[in-house]
Structures are given as C-alpha cells and as structure tokens.
Amino acid sequence: MKNDRFLRACRREPVDATPVWMMRQAGRYMPEYRALRSKHSMLEACRTPALAAEVTMQPLRLGMDAAILFSDILLPLEPMGAAFDFAKGEGPVIFSPIADQTGVDRLRVFEPEDGLGYVLETIRILKKELEVPLIGFAGAPFTLASYLIEGGKTATFAKTKRLMYEHPEAWHSVMGKLSEVVRRLLRKQIEAGADAIQLFDSWVGQLSADDYRLYVQPHVAHILQDIETCGVPVIHFGTGTYHLLEAQREAGGTVIGLDWRTPIGAGWAKVGADRAVQGNLDPTVLLAPRPIALQHAEHVLAQAASRPGHIFNLGHGILPETPVVTVEAVVDFVHCASAR
C-alpha cells in the first residue's frame with residue numbers, strides 16, 4: 001500500500017494531508033462507468049467480481065485516498081429470501097415485502113460464502129491491485145428493514161414505523177436477523193482483505209433519539225461492537241442524524257460520519273474527541289461552478305481545523321449529474337490546502 005493516509009486519519013494519527021474519498025465515487029457521473037453499465041445491469045456488475053473490481057478502481061484516477069467496494073447494500077436480502085430488482089427510474093423494488101411475523105419467519109440467516117461469495121471474491125481481486133486502502137461496507141438494519149417493509153423507496157416510512165410500533169416483537173425479530181447477517185458479512189469482508197468498514201444507515205435520521213435507542217441501537221451495537229474487535233477502522237454513517245450522534249457513538253464506530261447539515265465542530269463535540277469524523281460537503285455543491293465548490297470545500301477544512309482524525313467526504317453520495325472535473329478539482333484542492 002503506497003498511500004495509507006486514510007487509515008492513519010481514521011486512527012487520529014498525524015497525516016501529511018487530509019485524506020479524501022467520496023461516497024458513490026464509483027458511479028454514474030463517470031463516463032467509463034456509464035459505458036460499462038450500457039452493457040451490464042447493476043446486479044450483473046455487482047455479481048461479477050471482475051466487473052465489480054473494475055468499477056471500484058475507476059475513480060482512483062481522480063486522486064482518491066481510498067477505494068470503496070462496488071456493491072449494493074441490498075444484496076444480502078436475496079439470499080435471505082427477499083428477491084428484488086432495480087426498476088429503471090424508480091430504484092429498488094422488493095417483490096414480496098414483509099408485513100408481519102410470518103414474513104419475518106421466512107427470512108433466513110445465511111453464511112456470506114454461501115450467498116455472497118462473489119462480494120468476497122471481488123475484495124480478493126482488488127487487494128492484489130490496489131495501492132490505497134479498500135473500504136468494505138454493508139447496510140445497517142434499519143435502512144435494510146425499511147426497504148424490506150416498504151417494498152422500495154419511501155418518503156414517509158409509514159409502513160416501517162407502523163410495524164415497529166404495533167408489532168415490536170416482529171420488528172426486533174427482523175432487525176435481529178438483519179443485524180446478524182450484516183455482522184457476518186462485514187467480518188468476512190475483513191477476512192477477505194478489506195482495510196476498513198462502513199455501515200450505511202442512510203435513513204435512520206427519520207427516527208427520534210428515543211425510538212433509535214429502543215428500536216435500533218441494540219441491533220447496530222450487535223454489529224459494530226463485534227466488528228471493532230477485528231482491528232480495522234469502523235465508520236458509522238447516517239444522514240439527518242445530528243440528534244442521534246450521541247446514540248450512534250454509544251452503538252459503536254471508531255469513525256462517525258457527519259452529513260452536510262451538521263457543522264463539523266458541533267458534530268465532533270457530540271461524538272467526542274476520541275473518535276474520528278468523516279464528512280461533510282453537500283453533494284449538490286459539486287454541481288456549482290468550480291470556484292463555489294472549492295469555497296465550500298475550504299469551509300469544511302476550516303471547520304475541521306487540521307485536527308487529527310478528519311476524513312474529507314461528502315454528506316451523502318455523488319449525484320449522477322456531477323462533473324468529473326469538479327470532483328477532481330475538489331480532491332486536488334483538499335490535498336493542497338491541507339498539506340502539512
């Protein structure tokens with residue numbers, strides 16, 4: 001590994017410059033990715049290790065300090081017994097959403113080698129090629145459960161919360177199965193060679209702090225507190241989570257992700273000086289004229305104030321319409337402006 005500044009920042013060690021990677025950095029904003037996807041579906045690309053490895057490496061030409069595995073958080077659902085597909089323009093569609101304990105009982109807990117061996121093979125391929133750290137990942141139980149229950153994307157999470165409130169036993173049952181599947185998957189990713197892990201709880205900001213602690217935190221803690229014993233950095237990420245940061249810290253994670261609505265100073269104070277933080281440029285800023293994007297990046301660095309333990313990232317994923325040249329300019333700017 002020629003460049004380990006990302007891992008050193010995760011450990012809150014001194015670095016020569018602030019490391020940068022961006023969520024969804026391998027994706028539709030890149031012409032080479034669109035060319036590949038013109039020949040292969042999303043699921044085909046994920047399930048073919050050679051293709052997934054190729055996509056993972058595509059954004060590294062932009063100067064990223066880490067690669068994140070090209071995969072999808074929903075992949076564990078199919079081996080659990082919940083088949084799905086991606087509908088064009090609509091996102092994921094779960095063919096048989098769960099609505100009660102009977103549906104939960106049909107879900108199975110599986111070993112990653114049996115249902116997701118191709119993910120582990122992709123990691124093994126990448127570790128032979130990469131000169132930067134590789135981040136493995138999985139979706140967190142609440143976010144996965146919301147797709148399972150809603151049948152796809154939702155703006156209200158009404159079905160999810162209704163099951164949570166009306167049928168708490170079924171809720172904890174599905175969350176227990178999901179958390180165990182995710183725990184096993186992340187452990188196997190580390191065994192295959194992942195240098196760090198990120199848990200994506202993209203939609204958990206929909207919950208109050210009290211509901212998070214009652215209905216979600218024990219299941220996330222089951223995952224993260226075990227994965228932390230593996231000795232690699234563990235990034236705990238969510239959006240809209242300013243009110244949950246203390247509870248997320250309690251659940252686990254050596255690095256806490258902050259979205260663009262959370263000032264870095266205030267967020268860092270909530271999670272504590274003994275944790276690293278990741279974030280937190282608004283992804284839509286990358287659509288602005290380049291000087292504006294660089295101004296916002298400078299503001300993020302100013303908030304972090306060169307404290308050990310800051311990883312520059314977006315507050316969520318890169319948007320498909322983002323200009324590649326702007327992404328590259330921001331990466332270069334962060335490295336130059338933070339050089340020390």
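User: Leaving aside neighbours within four places in sequence, which residues is E180 in contact with?
Analyst: E180 is in contact with V109 and H222, once neighbours within four places in sequence are set aside. Contact means heavy atoms within 4.5 Å. This is a predicted model, where local features need pLDDT of at least 70 and side-chain atom pairs count only at pLDDT 80 or more, while totals for chains, interfaces and linings use all residues. Residues are numbered from 1 along each chain as its sequence is written, and side-chain values use heavy atoms, with hydrogens and water left out.

User: Where is E180 placed?
Analyst: E180 sits in helix α11. Helices (H or I, at least four residues) and strands (E, at least two) are DSSP runs numbered from the N terminus.

User: Does E180 count as buried or exposed, and why?
Analyst: E180 counts as buried because its relative accessibility is 15%. The cut-offs are under 20% relative accessible area for buried and over 50% for exposed, with partly exposed in between (1.4 Å probe, protein chains only).

User: What does the side chain of E180 make a polar contact with?
Analyst: The partner is the side chain of H222, at 2.8 Å. A polar contact is a pair of N or O atoms within 3.5 Å; within protein, one must be able to donate a hydrogen and the other to accept it, and residues adjacent in sequence count only if both atoms are side-chain atoms.

User: Ok, new residue. Where is the place of D195?
Analyst: D195 is in the loop between α11 (168-192) and β5 (196-201).

User: Buried or exposed, that D195?
Analyst: D195 is buried, because its relative accessible area is 16%.

User: And which side chain does a polar contact join to D195?
Analyst: The side chain of K127, at 2.7 Å. Beyond its neighbours within four places in sequence, D195 also has contacts that include M1, L7, P133, L134, V232 and P233.

User: Switching to backbone. Which peptide bond is cis?
Analyst: The bond from G279 to N280 is cis, with omega near -5°. N280 belongs to strand β8, residues 276-281.

User: What is phi of R12?
Analyst: Phi of R12 is near 60°, which is positive in a residue other than glycine. R12 is in the loop between α1 (5-10) and α2 (31-37). R12 counts as partly exposed because its relative accessible area is 36%. S306 also has phi near 60°, again positive in a residue other than glycine, and S306 is in the loop between α15 (290-304) and β9 (310-314).

User: Now α16. How far apart are its end C-alpha atoms?
Analyst: They are 21 Å apart, which agrees with the 21 Å that the 15 residues of α16 (324-338) should span at 1.5 Å a residue. The expected span is 1.5 Å times one less than the number of residues.

User: Which residues are buried in α16?
Analyst: Among them are V324, V327, V331, V334, H335 and S338. The buried residues of α16 pack against α1, α2, α15 and β9.

User: Last topic. How much space lies in the largest cavity?
Analyst: About 70 Å³. A cavity is a set of points on a 1 Å grid over the protein atoms alone where a 1.4 Å probe fits but cannot get out, and lining residues have an atom within 4 Å of a point. Points are joined across faces, edges and corners, and a volume is the space filled by probe spheres set on the points. The structure holds one cavity of 30 Å³ or more.

User: Which residues lie nearest its centre?
Analyst: Of the 13 residues lining the largest cavity, S71, D72, F137, L185 and Q189 lie nearest its centre. β4 gives the most to that lining, with three residues.

Definitions and conventions. On a 1 Å grid over the protein atoms alone, a cavity is a set of points where a 1.4 Å probe fits but cannot get out, and a pocket is an open set with protein on both sides within 12 Å along at least five of seven lines; lining residues have an atom within 4 Å of a point.
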